Amino acid sequence: MTDLSHLPPLRDVIAKHDLGAKKAFGQHFLLDLNVTRRIVREAGDFIGVAVVEVGPGPGGLTRALVESPAREVVAVERDRRFAAALEELVQASAGRLRLVEADALQVDAAELVAEPRAVVSNLPYNVGTPLLLGWLKHIDRYRFLALMFQKEVADRIVARPRTPAYGRLAVMCQWLAECRTLFDLPARAFTPPPKVDSAVIRLSPRTRPADDPDFATMESLVAAAFGQRRKMLRASLKSLLGTPEPLLLSVGIQPTWRAEEVDVAGFVALAKAWKQGSHPSAPS
Ligand code: SAM
């Protein structure tokens, strides 16, 4: 295990390099290494895994990743102020930590490191969901994702049917991955504290059957169903499916149900029937 005990406390690193948090970059730092080590401990098995970390900031989570048995860590940071602050950590990592100065939204994480790979991040709130959707699209490229979200977003990822938080995000995430809340963190755990609490979610890819629908088909179906979530499916799916009743009934879904009453398996069955069927609006 890499010994980082000689590194200065993160507060000193921040003071030395004058790293005041920038709101525009969603900067809320974890300065307690007990917390960052807990994230890494609970995230999964890092032996031989290459990790992409989005937004190392002053490096609290990065330190815990460098201490782990991960094969290598590639940290993608948009704010160039952190490069100098992370230099000591790069030196101490004996070649296992690399920094990439880039906007994570413009980078394909899977191209940065070879397999097996994982993504671990205390995500900047403003880009957390689009980043997750990008990784989800190719989830089989990753061993797992361990990600810190605002609690409200985390709750939407793991939500069950017939609850207000259940929607597009829950269906798409739970269809492709096993999703589990590792633990919650109160706002006061961060510096500066955000307005809301957070939670760490672990997503690990499911094995998918050969006849599983493709991402775009599921996405358009789920978007239409939840786009008008108060409406019955026979109305909300009209623009997409024309006359949705026969297709809904063919997979055991009542046209009078609302989207939140359909579980993930129901949406998958519906997408499959739509894709395979001779329905006039079937996707090509
Ligand atoms: N990992 C650090 C920690 O836990 O203390 C910092 C987490 S902070 C919530 C989010 C980090 O992501 C910041 O360092 C911020 O500069 C960086 N960031 C924000 N937007 C980004 C983007 N589009 N691409 C890469 N990094 C980004």
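**Exercise 1. Work out which residues His28 touches once its neighbours within four places in sequence are set aside.**

Step 1. Start with the ground rules: this is a predicted model, in which local features need pLDDT of at least 70, side-chain atom pairs count only at pLDDT 80 or more, and totals for chains, interfaces and linings use all residues. Residues are numbered from 1 along each chain as its sequence is written.

Step 2. Two residues are in contact if their C-beta atoms, placed from the backbone, lie within 7 Å. On that rule, and with those sequence neighbours left out, His28 contacts Ala21, Phe190, Pro192 and Pro194.

Step 3. Now place the residue: His28 sits in the loop between α1 (10-16) and α2 (33-43). Helices here are DSSP runs (H or I, at least four residues), as are strands (E, at least two), and they are numbered from the N terminus.

Step 4. His28 is buried, because 21 other C-beta atoms lie within 10 Å. The cut-offs: 20 or more other C-beta atoms within 10 Å of a residue's own means buried, 12 or fewer means exposed, and in between is partly exposed, with C-beta atoms placed from the backbone.

**Exercise 2. Find what the UniProt record says about His28 and Leu30, then describe the surroundings of Leu30.**

Step 1. The unreviewed UniProt entry has a "binding site" annotation covering His28, Leu30, Gly55, Glu77, Asp103 and Asn122. Bear in mind that such annotations may be inferred rather than shown by experiment.

Step 2. Leu30 is also in the loop between α1 and α2. It has 23 C-beta neighbours inside 10 Å, so Leu30 counts as buried.

Step 3. Skip neighbours within four places in sequence, and Leu30 is in contact with Val35, Thr36, Gly60, Leu61, Asn122, Ala189 and Phe190.

**Exercise 3. Describe how α9 packs against α13.**

Step 1. Two packed helices are described by the angle between their axes and the distance between the axes. The axes are lines fitted to C-alpha atoms, for helices over the stretch in contact, with angles running from 0 to 180 degrees between N-to-C directions.

Step 2. The axes of α9 (residues 215-227) and α13 (residues 264-276) come within 10 Å and cross at roughly 115°. That makes the pair roughly perpendicular, given that 65 to 115 degrees counts as roughly perpendicular, under 35 as roughly parallel, over 145 as roughly antiparallel and the rest as oblique.

Step 3. On the α9 side, Thr217, Met218, Leu221 and Val222 meet Phe267, Leu270, Ala271, Trp274 and Lys275 of α13. Sort them and you get seven nonpolar, one polar and one charged. Here Ala, Val, Leu, Ile, Met, Phe, Trp, Tyr, Cys and Pro are nonpolar, Asp, Glu, Lys and Arg are charged, and the others, Gly among them, are polar.
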